[in-house]
Amino acid sequence: MGEQSGWQLSDNAPEAYERYIITAFLGEWAQDLVQTAALKAGERVLDLGCGTGAVARSAASVLGETGRVVGIDTNESMLAMARRVPPPSGVAISWQHGDAAALPVPDAAFDVVLCQQGLQYFAQRAAALREMVRVLAPGGRLALSVWRPLERQPYFVALVDALEAHLNVEVAAPLRAAFTLGDTEELRELVTTAGFRAPHIRLVVKQMRFPSLAEYLPGYLAATPMAGAIAAMEGARRASLFEDLLNKLQPYVDDTGLAVPMECLVLVARM
């Protein structure tokens, strides 16, 4: 994720990210994005804004041993975590540090660019999309996902409201940034202006699931830029924050744990 978002994780946050974010929801979304891209054996794939590598690993598992997968991110700590996660059988994955607006790869180097929940964070969205065009071979394709607006995401509405009430607007700002590109026509215009053609946008709804809401909330927040501010809270104030969150999210708890809907736009376009 790009510098604009504030999602530059360090310390133990990438481990928590893998456990509480990838496992609970982004891993399933990654599989959906790769399936939507309809990868073929031997293709060269770039996972841009790869984070801890869920999309890259999912792509590698379907390409066989003749393709190529490269994951690029600005966050060295996330890349370090990506390198530690056991890779799937299939093509090897190369992890690189790089800026989405100035990719460290040559022209026409890839057949497919994948970008899961990255575009909304890039400081220069239009430049990043032009770079995606540049690194794709003729006939190449893009598959990306972005969250729908915040009001469509009950889990994150509860988080933002509680963080702003118990801390401040600035602490919640990186979370709000996740939902700043949820307008279908804005997304379509960005992609076509960059040079892609015939974008097809699909609205996808999935459930985030985790066995225990009480365990999940501190685990999730430890995987975010808000972790430091929450850890610095006085004990009673921190307990009040989590009590508020538990109450707000109780309607999304069933007999198997947390079960809350999430909405996403998934776009496919071609060169």
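Where is the place of Gln 31? Gln 31 sits in helix α1, and helices here are DSSP runs of H or I with at least four residues, strands being E runs of at least two, numbered from the N terminus. Before I go on, a word on the model: it's predicted, so local features need pLDDT of at least 70, and side-chain atom pairs count only at pLDDT 80 or more, while totals for chains, interfaces and linings use all residues. Residues are numbered from 1 along each chain as its sequence is written, and side-chain values use heavy atoms, with hydrogens and water left out.

Back to Gln 31, then. Gln 31 is exposed at a relative accessible area of 53%; the cut-offs are under 20% for buried, over 50% for exposed and partly exposed in between, with a 1.4 Å probe and protein chains only. Its C-alpha is separated by 14 Å from that of Thr 52, 21 residues apart along the chain.

Okay, the core. The largest nonpolar core has 70 residues, a core being a set of buried Ala, Val, Leu, Ile, Met, Phe, Trp, Tyr and Cys residues joined through side-chain atoms within 4.5 Å. Phe 25, Leu 114, Tyr 155, Phe 156, Tyr 216 and Tyr 220 touch the most other members. Which helix gives the most to this core? That's α1, residues 13-37, with 13 residues. Apart from this core lies another one of 32 residues, including Leu 48 and Val 191.

Now Phe 25. Leaving aside residues up to four places away in sequence, Phe 25 touches Tyr 20, Trp 147, Phe 156, Met 208, Tyr 216, Tyr 220 and Met 262, where contact means heavy atoms within 4.5 Å. Phe 25 is buried, at 4% relative accessibility, and so is Trp 147, at 5%.

On to the rings. The whole structure has 14 aromatic pairs; Phe, Tyr and Trp rings (the six-membered one for Trp) pair if their centres lie within 6.5 Å, and planes under 30 degrees apart are stacked, over 60 edge-to-face, the rest tilted. Phe 25 and Trp 147 have ring centres 6.2 Å apart and planes at 55°, so that pair is tilted. Since Phe 25 is in helix α1 and Trp 147 in strand β5 (residues 136-147), the pair ties together parts 122 residues apart in sequence. Then there's Tyr 155 with Tyr 220, edge-to-face, 5.5 Å centre to centre with 85° between the planes. That one links helix α5 to helix α8, 65 residues apart. Tyr 155 is buried at 1%, Tyr 220 at 2%.

Ring pairs also build a cluster, and Trp 29, Phe 179 and Phe 210 are among its members. Over the ring of Trp 29 sits the charged end of Lys 206, 5.5 Å from the centre; the test is NZ of Lys or CZ of Arg within 6 Å of the ring centre and within 35 degrees of the ring normal.

Next, Arg 57, in helix α2 (residues 54-63). Buried or exposed? Buried, at 11%. Its side chain makes a polar contact of 3.0 Å with that of Glu 18, meaning N or O atoms within 3.5 Å; within protein, one must be able to donate a hydrogen and the other to accept it, and residues adjacent in sequence count only if both atoms are side-chain atoms. Arg 57 also touches Pro 86, Pro 88 and Ile 93, among others.

Last stop, helix α6, residues 169-176, whose buried residues are Val 171, Ala 172, Pro 174 and Leu 175. Seen down the axis, these fall within an arc of 140°, so they line one face of the helix; the arc takes the directions from the helix axis to the C-beta atoms. They pack against α5, α8 and α9.
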